[in-house]
Amino acid sequence: MTEKLVDKIPSLDLADFTSGNAARKQQFVQNLGEAFQSIGFVAIRNHGLSDELSKQLYAAVQKFFSLPDDVKQKYENPTLAGQRGYVGKGKEHAKGRNTGDLKEFYHVGQDLPAAELQAENYPANIWPNEVPEFKEMTLAAYRALEQAGTHMLRAIALYLGLDEDYFDARVHHGNSILRAIHYFPIENPDSVPADAVRAAEHGDINLITLLMGASADGLQVLRRDGKWIPITALPDQIVVNVGDMLSRHTNNKLKSTIHRVVNPPRELMHTSRYSIPFFMHPRTEMDLTCLDGCIDAENPKAYPDTTAGEFLTERLIELGLLKK
């Protein structure tokens, strides 16, 4: 069978899955699974993140990134391998590259009581004093996107022939990250390396990524035939894609698709771009061994066994955030 090539990512309504209507729910599961088997991306509406919260969060994020670099750097802790707080300009690069991406970002993780953080072996969050509303807005968005992600994973589980709640315990208090990104202005394009881009082509590490609408164009996904197509979503949608952990766990049945953020035209390099993805991670002990139901004679097991924690550590080293 010839694989269908799409020119834009499919759009789905999460309310179909949560409506209580069995037929609508099953159709959502089928459409989601087909999209994740082909292009690996979908646009989702009725995701539970309000327009008001989105606006307030972006305002807080822009306020933080407008601070002087030396102020932002107060919230950078290199010993955490970029897992909490601020990560400075050009510190992260794509796997297989040495040139840093033209971005800076801020990471927020699980907000749990100190004893639970210690039990889960998670570092505490870091909050900027200069933008007090940053904490409230990021945690509200974190909870909303985590809930949407849980529904998406339930649909994925059904598509894979698993129990609907298969992922629930595996992502409960998972190592998920909300990342506020600033693709900072470049006043003189000749001052950066010729191969420097806002985000070089990469696959995400996690199970799934839920992306709040970006403030400018630039996100592209690599289609199976090698053509890059733009990813756009309506203002009321978020974009959800498969990460490497899920692709690995499903023996590539669900596709972790390579994507990138390209530079704007030279005359617009002096402008900012903001983006807020939620990287949904499981608990570190989750076994990522390829599911038996995804292995057959035509698709032999493609990966050695590993855990989510081991895989994350390996990838953080490849990204330049964790030193060996």
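Start by selecting helix α2 (residues 22–38) and helix α6 (residues 133–159), which pack at about 85° with axes 9 Å apart; helices here are DSSP runs of H or I, at least four residues, numbered from the N terminus. The axes are lines fitted to C-alpha atoms over the stretch in contact, and angles run from 0 to 180 degrees between N-to-C directions. That makes α2 roughly perpendicular to α6, a label for angles of 65 to 115 degrees.

This is a predicted model, where local features need pLDDT of at least 70, side-chain atom pairs count only at pLDDT 80 or more, and totals for chains, interfaces and linings use all residues. Residues are numbered from 1 along each chain as its sequence is written, and side-chain values use heavy atoms, leaving out hydrogens and water.

Next, show the side chains where the helices meet: α2 brings residues including F28, V29 and L32, while α6 brings residues including M152, I156 and Y159. Contact means heavy atoms within 4.5 Å.

Now move to F64 and F134. F64 lies in helix α3 (residues 51–65) and F134 in α6, so the pair ties together parts 70 residues apart in sequence.

Finally, select C290 and C294. Their sulfurs are 8.1 Å apart, too far for a bond; a disulfide needs cysteine sulfur atoms within 2.5 Å. C290 is buried at 5% relative accessible area, where buried means under 20% (1.4 Å probe, protein chains only), and C294 is buried at 9%.

Definitions and conventions: Helices (H or I, at least four residues) and strands (E, at least two) are DSSP runs, numbered from the N terminus. Angles under 35 degrees count as roughly parallel, over 145 as roughly antiparallel, 65 to 115 as roughly perpendicular and the rest as oblique. Buried means under 20% relative accessible area, exposed over 50%, partly exposed in between (1.4 Å probe, protein chains only).
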